[in-house]
Amino acid sequence: MDESRKTDISPDEIESVLEVLDPDSNRPRDIIQTDGLNLRFGETSILSGVNMNFPRGTITALIGPTGSGKSTFLRTLNRMNDKVRGFRHEGDVKLEGRSIWGADQDLLDIRRRVGMLFQRPNPFPMSIKDNVVAGVKAHGIAKGKQLDVVAETRLREVGLWDAVKDRLNDSPYRLSGGQQQLLCLARALAVGPEVLLLDEPTSALDPLSTESVETLMRTLTPALTLIVVTHNLGQARRVSDNTMFFYEGRLVEHGPTKSLFDQPREADTARYVNGLMG
Amino acid sequence: MSLVTQSYPKTSWRRFKSSAFRVSTLAALLFVIAPALWLVLGVVVRAVPHWQWSVLTTLSQGTSGGLENALVGTLVIMGGVLVLAGSVGVLAGIHLAELAHVRKNGRPSGTIFRLAIDVLSGFPSIVLGYVGYVALCVGLHWGFSLLPALLILSMMVVPYIAKSTESALRQVPTNYREGAEALGMPVGYALRKVVLKSALPGIVTGLLIALAVAGGETAPLLYTAGATNSLPSFALLHHPVAYLTYYVWTDYNQPTAEAHVVSYDAALILVVMVLTLLVVSRVIVTRTQRHSESYR
């Protein structure tokens with residue numbers, strides 16, 4: 001017997017009711033998926049055939065030697081490569097099941113949802129407070145007095161509040177490198193992203209600042225999904241749930257971090273994680 | 001051991017080169033500073049002893065009288081050039097730096113635009129002035145008036161503004177742009193709030209040169225603005241406009257001491273105006289750059 005006929009409710013309607021009751025019930029488990037993703041600049045292939053799922057609320061580390069394509073991969077996920085001359089892609093990247101290149105997608109909204117932290121801290125030439133709320137203002141998420149609240153909340157979140165609360169109108173360039181990076185993190189968090197892409201976020205920082213960024217990364221999950229490119233294998237081991245190993249334009253191996261490091265399946269992976277290559 | 005003894009003569013040679021270089025840079029500096037000081041002092045020494053504040057509030061009577069009409073005229077011309085050439089030049093610079101190079105086919109773009117700018121900046125000002133006279137004042141029957149003067153002066157200074165705007169924008173760190181992009185800032189918003197702000201010192205420099213030229217040019221104005229002893233009427237056409245350099249030039253060529261005083265007064269006013277502009281622009285730059293990377 002057909003359920004819908006008996007209750008006079010169509011399956012679509014049941015779906016929509018369920019969605020209202022629990023907005024998360026219908027969301028894909030994986031926040032980002034790549035399907036047969038090939039990336040190239042002009043005729044040069046950078047990366048080919050990447051099929052990968054990024055489960056919501058996890059930290060994934062992208063490791064591999066320089067030139068293996070991991071940074072290009074990362075920058076593709078929020079379409080930072082689109083404007084680069086000669087960049088072409090085949091296959092697809094889906095954010096919550098919808099192609100990020102889809103006609104119905106708003107690029108600016110994708111970038112709001114998929115934030116990014118760069119290798120070198122890049123605060124804007126404006127006051128510390130204005131830096132934190134720069135994205136919020138641009139997207140019109142908050143204004144006036146609300147901005148102060150946003151600034152304080154995010155600065156507390158990254159553990160910078162006590163250090164900067166008395167000099168919110170100061171130049172961000174008077175902060176240390178580590179503090180500047182935390183400020184950039186606060187700025188990225190302020191627009192309420194779902195995914196954060198981190199491109200070697202600690203390679204320009206001293207060990208103590210590195211530790212505070214790593215600790216923060218842990219506290220940001222599972223609310224956020226983090227994808228981090230790192231040359232620091234120790235960092236990949238310490239912070240990530242899953243690891244992807246890129247080599248010569250291919251995704252060689254991926255899996256739970258512990259098993260990838262302890263029992264790599266591929267010979268190249270074993271050589272890399274044991275420090276025999278790269 | 002032999003290596004060590006050999007290094008002594010090398011050291012003294014290196015020191016000699018170092019001090020020779022230092023001396024030549026200092027000499028070059030003097031070469032710039034000396035004439036600037038000489039000019040400013042020359043004007044001040046000749047103008048100040050005879051200075052009367054009434055010069056600023058009385059109209060000219062040719063080789064005597066005040067300079068009110070010329071002062072107001074120069075200010076009107078400078079303001080007009082700032083608005084006209086400033087907006088055209090800055091927009092052109094933004095186009096060259098931000099929009100022209102993102103062409104999809106990968107070919108360099110903006111080449112013709114850049115060439116046109118170079119050609120324009122290479123023209124002698126008197127040629128531009130004459131062209132303005134023939135084409136605008138006579139050809140279009142505009143007569144000696146404000147609009148042809150503004151158009152010709154703007155043609156002269158737009159290249160400076162466009163070039164300095166372009167190079168200032170190109171020097172904005174990629175970091176800023178990427179950071180803005182990654183936050184999902186709209187392109188125009190990022191340009192206004194992040195990129196232009198850090199390019200401001202360069203843009204202000206270009207505008208400053210433009211204003212100084214607008215205040216200090218004579219030849220193209222003789223052909224387009226004409227000359228008059230009355231205040232500018234603010235009509236764009238058919239009304240000549242007075243300006244300070246006219247009196248600097250014509251009254252200096254007169255045989256009377258009275259006319260020479262007017263000439264030096266006009267020069268002094270111009271010098272003070274340019275110095276004021278410099279100070280104001282420095283204040284603007286330091287105020288807006290207090291959060292910049294280089295300021296600290």
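How many helices and strands does the secondary structure of chain B come to? In this predicted model, the count for chain B is 10 helices and zero strands. Walking along the sequence, the pattern is simply α-α-α-α-α-α-α-α-α-α.

The overall dimensions of chain B come next. Its radius of gyration works out at 24 Å, whereas a compact globule of 296 residues would sit near 19 Å. Along the principal axes, the C-alpha atoms of chain B fill a box of roughly 80 × 55 × 35 Å. As for burial, 38% of the 296 residues in chain B count as buried.

Over in chain A, one helix pair was looked at in detail. Two packed helices are described by the angle between their axes and the distance between the axes. For helix α5 (residues 128-138) and helix α6 (residues 145-157) of chain A, the axes come within 9 Å and the crossing angle is roughly 110°. Angles of 65 to 115 degrees count as roughly perpendicular, so α5(A) and α6(A) are roughly perpendicular to each other. On the α5(A) side, the residues involved are A:Lys129, A:Val132, A:Val133 and A:Val136. They meet A:Leu147, A:Val150, A:Ala151, A:Arg154 and A:Leu155 from α6(A). Sorted by class, this contact of α5(A) with α6(A) has seven nonpolar residues and two charged ones, with no polar residues.

Technical notes. Residues are numbered from 1 along each chain as its sequence is written. Chains are lettered from A and ligands numbered from 1 in the order in which they are written. This is a predicted model: local features need pLDDT of at least 70, side-chain atom pairs count only at pLDDT 80 or more; totals for chains, interfaces and linings use all residues. Helices (H or I, at least four residues) and strands (E, at least two) are DSSP runs, numbered from the N terminus. The radius of gyration is taken over C-alpha atoms; the globule rule is 2.2 Å times the number of residues to the power 0.38. A residue is buried if 20 or more other C-beta atoms lie within 10 Å of its own, exposed if 12 or fewer, and partly exposed in between; C-beta atoms are placed from the backbone. Axes are lines fitted to C-alpha atoms, for helices over the stretch in contact, and angles run from 0 to 180 degrees between N-to-C directions. Angles under 35 degrees count as roughly parallel, over 145 as roughly antiparallel, 65 to 115 as roughly perpendicular and the rest as oblique. Two residues are in contact if their C-beta atoms, placed from the backbone, lie within 7 Å. Ala, Val, Leu, Ile, Met, Phe, Trp, Tyr, Cys and Pro count as nonpolar, Asp, Glu, Lys and Arg as charged, and the others, Gly among them, as polar.
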